[in-house]
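The sequence and structure come first.

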Amino acid sequence: MEKPNNLILQTATSLIAFILLGFSIYLFMAGHNSPGGGFVGGLVTAAAIVLLYMAYGIDFVNKILPINFRVLIPIGLLVALLTSMGSFIFDVPFLSHTFGYFEFPFFGEVELATAMLFDLGVYLTVVGVTVTIIISIANDKAA
Amino acid sequence: MIFAVFLPLLFAIIVPFLSKAKHKIHTGIFVVFIPLAIFLYFIRFIGDDFTPLQQTYNWIPSLGINFDFYLDGLSLLFVLLISGIGTLVVFYSIYYLHVSEKLGHFYVYLLMFMTAMLGVVLSDNVYLLYTFWELTSISSFLLIGFWNHRERSRYGAQKSMLITIFGGLSMLGGLILLSIITETTSIRMMIEQVDTILTSNYLPLILVLILLGAFTKSAQFPFHIWLPDAMEAPTPVSAYLHSATMVKAGIYLIARFSPIFSTYEWFFIIVSIVGIVTMIWASYMAVRQTDLKGILAFSTVSQLGMIMAMLGFGTEAAIFAAVFHILNHATFKGSLFMIAGIIDHETGTRDIRKLGGLLTLMPISATLALFGTFSMAGVPLPFLNGFYSKELFFDATLDLEQSGGSFISFLSEAIPYLAVFASIFTFVYSMYLFFGVFTGPKKLELLPKKPHEAPIGMLLSPIVLVLGVIVIGLFPNLLNGSLLTHAAQAVNQAVELEHVHFWHGFVPALYMSLIVVIIGLILFLTRKKWSNIYHVLPGKFSFNKVYDKGIEKLDTYSTSVTNSYMTGSLKLYMSIILAVILLATFFVMYATDGFVLKTDNLADINLIDLAVVFIMVLAAIATIFVHNKLALIIITGIVGFGISILFVIFRAPDLALTQLVVETISMALFLLAYYHLPELRKIKDTAKTTTLNTILAVGIGTLITMVGIAAHSSNWFATISDYFVETSYKLGGGHNIVNVILVDMRGLDTLFEITVLGIAALAIYGLIKVRKNKEAE
């Protein structure tokens, strides 16, 4: 992507990107009880990152987000796999989940489920996959 | 017994090490003791009070496949032939093959063949029999192609392989059917259940399959064509495999199974006719050959036809004659091949047109050949065993049972005349062979080498065989009681001890022999005058051409069949795949009355649904007619977004969200690739393919719709979704059922789906970044 000089886009992006990121985190967290989940959340996060790339160009985004998105893919897969294998510790079959309610200061009673950890794996993988695909195609200069 | 069978194969393991020292000591000298030991082991069984011997060793007992060895009279005769002639052939090969040849290979193949052949004749288990049977084919293939730098050797080896393996496989089919019907794998048990087999519906099929196996192996008409080409093998191999042993495997098979089939009239008809036709055709063709081994090859085919015909007759006299002739043929044909090899070795050619007048130069060979050829011709002299078996053969043709249909009685009437006719030509080629080589003018200038008598070692084996000819000729009853009657009884229990006499009065068989000799002599002396007949029959026709053309056509047709659909055109493959799906699914659905339509379970349709679907249909139809790629991408997007609206309408928020985002991303990807997408061309199809494509597309669409409707109309079981609705919160702790199913209840699917995504991303990254060769694009 060439570095664009588009003021309106950049200004709008600086706002929209954070709304998108916030929305994606909401989708991810709420996924267990209302529409959403790791997959959609991951896609929306990726959309926010891609929007940043489009508005500010690749070098700038690499500076503010020094993340290698390719590495997110194995990390996400590893999180999902380890969550699945965590059940072995408790001598229950692969991919058995559990949940419980905990009292937290300030938040009150909150439900925590190991399924969320699994969903985190999904989330990370989807972000990594989507950004990797779009960025590598978009930056392909050879063709 | 198992050690006797596998001894050659075991010894073959150390042959390569022995052959390292072949320049000091010829490998054959070690090998010769193996068949000799086997011969000595088995010769002890000869005797008037011989009783069959059985031994069993487990191999695959659960399938009934075991090393069941059974030694009866017939096996004993063959075993002695195999080991006895094997000894002589190995001894002969010591002098025949120079140490510069690949001796290790030669003896390994030969020993392998010996095991295989012993196994064939000693097996009582049909599957064991088949195993050894194919091993003979393979080792014979290796031996024919021994001089594999010669094109003719490779051709002959391939030809014999194709034909004998074809027969072997059909024999396997017959054996499997037999063992299914009788529920046993033992041949003797099968023979005890003759009635079961004879009343089976599969009887004709079994007969044809087993006969195919026997006819191909024993080079019967019209499968005889591989044998003359197998003469490219070294002469010891021709002498051993293609005269005395392997070609008799088919004979053995027929003899072994004849207690089962002999009362079946088609067995008599087919085997007799094939045998007689083979005998006539091959003896007729043998006169035409110019190569010594060619003559002998056709002669072998002809003699095998004669034995086959006698087995087909199935009468007591015929069976005894067949067994007797098996022994006689092995003696004189083995010696003749060895003499042909000696002539080749000492003069450098086997072409009978270049040979002549060798009588004075090679007197011992000439004497041996004299006995061999005259015995083969059946000249009535008391020291030639061929005469006795020919007499017995004529006797057998005369007293055929005349029962059965009119065709059988006609056949019985005709066979004696045909037998005499074939024997005349046998006489002619035997005389031609002997006098053509050893008398007449010397043509030394045509010969590559200066001819001289062979070394004594080389002559020893044919001398032993010719001694056999003479001894059996002088004392024809020598082995009768102790060996041959036992062998004949294994084939037909009614055979009694017979006495063969040289002189048995003025009987029809004697007149037939005299007719053969007289007409044969006349024909031989006037051979040049009538040899033009070969331009008329067979003329340009030959079974070799049929075979060659067949192989060639098979090749071209299979290539053209493959080329006709493997064009490399993805469009064509797609059409074929879709057409197959269409036809197969349609016929399955049609045959099972799968197309049902029930309307009692349908939801109401409202206007919004209709509107969305209408727009999607319009967009879908538009994609066919749009030829602008940007427009095409956008129109395709309409369909995708339409689907997400439908998800909203049908209350699937998660799906709607995901579909929306995924559709957006894939449209973005399409647009990213926009510049690189190929220009959309109007594909210039012929009207025919366009029509076909339309029919196919419409057909697939209709079919899938109908399958969908049918699937909806037939509710077999209640769905399990109630369970998810009930337990989603209780077990998974979440209210979003879709998400609980995805990450909890069916988390494994999700785990692998994200793996798929990860692989896709890394593959795309790899494809784009890792371009080793930019020119390849």
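How many salt bridges does the rule find across the interface of chain B and chain A? The rule finds zero, a salt bridge being a side-chain nitrogen of Lys or Arg within 4 Å of a carboxyl oxygen of Asp or Glu. The model is predicted, so local features need pLDDT of at least 70 and side-chain atom pairs count only at pLDDT 80 or more, while totals for chains, interfaces and linings use all residues. Residues are numbered from 1 along each chain as its sequence is written, chains are lettered from A in the order in which they are written, and side-chain values use heavy atoms, without hydrogens and water.

In contact (heavy atoms within 4.5 Å) are 38 residues of chain B and 42 residues of chain A. The two chains bury about 3,400 Å² between them, 73% of it on carbon and sulfur atoms; buried area is the accessible area (1.4 Å probe) lost on being put together, summed over both parts. B:Val743, B:Leu751 and B:Ile754 supply 16% of the area that chain B buries against chain A, more than any other three residues.

These elements each give two or more residues to the side of chain B that touches chain A:

| Element | Residues |
|---|---|
| α29 of chain B | 653-672 |
| α31 of chain B | 721-732 |
| α32 of chain B | 737-745 |
| α33 of chain B | 747-769 |

The largest share, 14 residues, comes from α33(B).

Within chain A, helix α1 (residues 7-30) packs against helix α5 (residues 114-138) at about 140 degrees, with axes 10 Å apart.

How values were computed:
Helix = DSSP H or I, 4+ residues; strand = E, 2+ residues; numbered from the N terminus. Axes fitted to C-alpha atoms, helices over the stretch in contact; angles between N-to-C directions.
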